[in-house]
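Here is my note on the model you asked me to look over. Have the viewer open while you read, and click on each residue as it comes up.

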Amino acid sequence: MKIAIYPGSFDPVTKGHLDIIERSSKMVDKLIVGVLNNGSKNPLFTARERVEMLNEVTKNFNNVKVEAFSGLLVDFAKETNASIIIRGLRAITDFEYELQMAQTNRILKNDIDTVFLTTSLEYSYLSSSTVKEVARCNGDISKFLPEYIAKKVYDKFKKEC
Ligand code: COA
């Protein structure tokens, strides 16, 4: 069984992430979306909230499972029997960081390979931070996020005010 992990912060999940999830889920038997539970990024949503939101927007993909993890990605891969790490490349600026991560992970665990998918052009500019910035100023984020997630983001900012 070919198992892959698509790891990230997903704070929140965007249409760009969903594009990668949809395409990579077709390449493997099982795709685990790994939600990093890491306080250092000071996330808008808790890990539990991010898992719940991802579960909702991936419910139609039969072979996708969402799980939170902390610690090293390679350890999470070992626990879940995954042999592939999926990452999206939006622009050349992502490359250096991604290459460094992929090489480090391979040194830590040499039976894991990272596979890069080029992000679809319409999402190549997108990041969770810019979406949050637009939402904070009450801008229209409907082009960037599924409707369900956009509502959660607006609700969060309402609560914060
Ligand atoms: N569409 C839209 N946005 C995308 C995207 C896509 N296809 N791909 C990446 N992004 C954005 C994210 O929204 C995020 O934006 P933000 O910084 O504004 O929030 C940014 O790109 C990068 O985030 P993400 O993909 O979540 O990566 P990350 O750098 O936060 O974390 C992990 C990457 C989780 C894989 C890495 O930190 C990790 O493995 N951590 C575990 C600890 C570990 O093993 N460390 C050693 C690794 S060498």
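1. First, some ground rules. This is a predicted model, so local features need pLDDT of at least 70 and side-chain atom pairs count only at pLDDT 80 or more, while totals for chains, interfaces and linings use all residues. Residues are numbered from 1 along each chain as its sequence is written, and side-chain values use heavy atoms, with hydrogens and water left out.

2. Start with the largest pocket, which has a volume of about 1000 Å³. It has 38 lining residues, and G8, S9, K41, R87 and Y97 are the closest to its centre. On a 1 Å grid over the protein atoms alone, a pocket is an open set of points with protein on both sides within 12 Å along at least five of seven lines, and lining residues have an atom within 4 Å of a point. Points are joined across faces, edges and corners, and the volume is the space filled by probe spheres set on them.

3. Which elements build that lining? At least two residues each come from β1 (3–8), α1 (15–25), β4 (84–89), α4 (92–108), β5 (113–118) and α5 (128–136). The largest share, eight residues, belongs to α4. Helices here are DSSP runs (H or I, at least four residues), as are strands (E, at least two), numbered from the N terminus.

4. By class, the pocket lining has 16 nonpolar, 15 polar and seven charged residues. Ala, Val, Leu, Ile, Met, Phe, Trp, Tyr, Cys and Pro count as nonpolar, Asp, Glu, Lys and Arg as charged, and the others, Gly among them, as polar.

5. Now find the ligand: it sits in the largest pocket (more than half of its atoms lie within 2 Å of the pocket's grid points). Its shell holds 24 residues, with S9, K41, Y97, S128 and S129 the closest; a residue joins the shell if one of its heavy atoms lies within 4 Å. Here α4 gives the most again, with four residues. The shell splits into nine nonpolar, 12 polar and three charged residues.

6. Which atoms pair up with the ligand? Look for polar contacts, meaning pairs of N or O atoms within 3.5 Å. A backbone N or O atom of S9 is 2.6 Å from a ligand oxygen, and a polar side-chain atom of S128 is 2.7 Å from a ligand oxygen. A polar side-chain atom of T119 lies 3.5 Å from a ligand nitrogen. The protein covers 83% of the 950 Å² of accessible area that the ligand has on its own (Shrake-Rupley method, 1.4 Å probe).

7. There is one cavity of 30 Å³ or more, where a cavity is a set of points that a 1.4 Å probe fits but cannot get out of. The largest cavity holds about 50 Å³ of space. S9, D11, L36, N38, K41, P43 and R50 line it: two nonpolar, two polar and three charged.

8. F10 has a positive phi of about 50° although it is not a glycine. A cis peptide bond joins D11 and P12, with omega about 5°.

Conventions:
Polar contact = N/O pair within 3.5 Å; in protein donor to acceptor, adjacent residues only side chain to side chain.
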